[in-house]
Amino acid sequence: ARRKVTPQTLQTLKASGTPITMLTAYDYPTGLACSANPLIDITLVGDSLAQVCLGYTSTTQLTLSDMIHHAQAVARATVHPLLIADMPFGSYHTSVDDAIANAVRLVREARVEAVKLEGGKELTSLVRRFTQAGIPVMAHVGLLPQRHLATSGYKVQGRDADGARRVLDDALALEDAGAFAVVVEGVPKELGKHVTEKLSIPTIGIGAGPWTSGQVLVWDDVMGTWSGHKAKFVRRFGDLKTHRDVAVENYARAVRERTFPSQDTESYTMD
């Protein structure tokens with residue numbers, strides 16, 4: 001069995017040039033699947049939970065209670081991967097004390113090992129306080145899905161020099177504040193490469209090109225079960241939706257036709 005992954009493990013992987021793998025999970029079965037493969041380094045209980053599991057239209061609708069409930073289930077399944085949870089929208093915005101209290105709940109009640117925060121240099125004092133309190137922080141720069149209302153949608157960031165400099169400055173400031181890694185989302189591949197070269201902590205890309213320290217994708221995109229919008233950066237590595245739909249059809253048809261259950265092999269008899 002693989003040894004437990006820690007933030008230090010990620011630093012070692014970056015130093016050796018080994019790409020880091022991160023995959024989302026939302027419940028006990030998906031958590032088990034991530035832990036079943038020694039090639040998975042990080043399990044993220046992402047706030048994409050909102051859309052792919054709970055039917056919300058945006059991550060901004062997810063509550064801290066929702067996140068704790070699902071992270072608890074993933075934690076019960078997690079063995080070697082580093083377990084990280086997204087702090088939901090609003091759970092780290094009202095005050096530093098509130099934010100720390102909410103992060104403590106995720107660590108204590110959901111047994112996560114680190115938290116992820118979306119935002120730039122405005123979060124540095126918060127990241128510093130989290131780190132001082134012993135709560136490891138993964139930063140998240142570039143496209144910030146929790147802020148889609150303010151940015152009028154989900155747009156690639158850093159396409160021009162000013163935007164690119166802003167993303168880099170954010171990442172450097174968050175590294176300096178104590179973040180152990182940073183997700184870089186929705187930026188040109190050249191910027192993904194530049195940020196990775198400038199930082200000493202690992203970068204995890206999603207729509208940031210092939211040169212970041214690692215990659216993350218959403219479970220339902222990897223498995224091919226998400227029927228909503230498919231982003232340019234998504235590759236469907238499986239086609240579970242087809243298998244699922246066929247199984248539902250076969251089961252319902254067998255019941256209708258009375259071919260399930262079989263009276264011989266799938267039924268009990270009296271003594």
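Y251 is located in helix α10 (residues 240-256) of this predicted model. Helices (H or I, at least four residues) and strands (E, at least two) are DSSP runs, numbered from the N terminus. With a relative accessibility of 53%, Y251 is classed as exposed; exposed means over 50% relative accessible area, buried under 20%, and partly exposed in between (1.4 Å probe, protein chains only).

Residues are numbered from 1 along each chain as its sequence is written. In this predicted model, local features need pLDDT of at least 70 and side-chain atom pairs count only at pLDDT 80 or more, while totals for chains, interfaces and linings use all residues, and side-chain values use heavy atoms, with hydrogens and water left out.

Strand β4 (residues 114-118) has five of its five residues buried, so it is largely enclosed by the rest of the structure. A114, K116 and E118 cover one side of this strand, and V115 and L117 the other. β4 pairs in the parallel sense with strand β3 (residues 82-86) over three bridges, where pairing requires at least two bridges found by DSSP. In this arrangement, I84 is opposite A114 of β4.

H140 lies in strand β5 (residues 137-142) and is buried, at 4% relative accessible area. Its side chain forms a polar contact of 3.0 Å with the side chain of E185; a polar contact is a pair of N or O atoms within 3.5 Å, where within protein one must be able to donate a hydrogen and the other to accept it, and residues adjacent in sequence count only if both atoms are side-chain atoms. A polar atom of the H140 side chain is also 3.3 Å from the backbone oxygen of L143.
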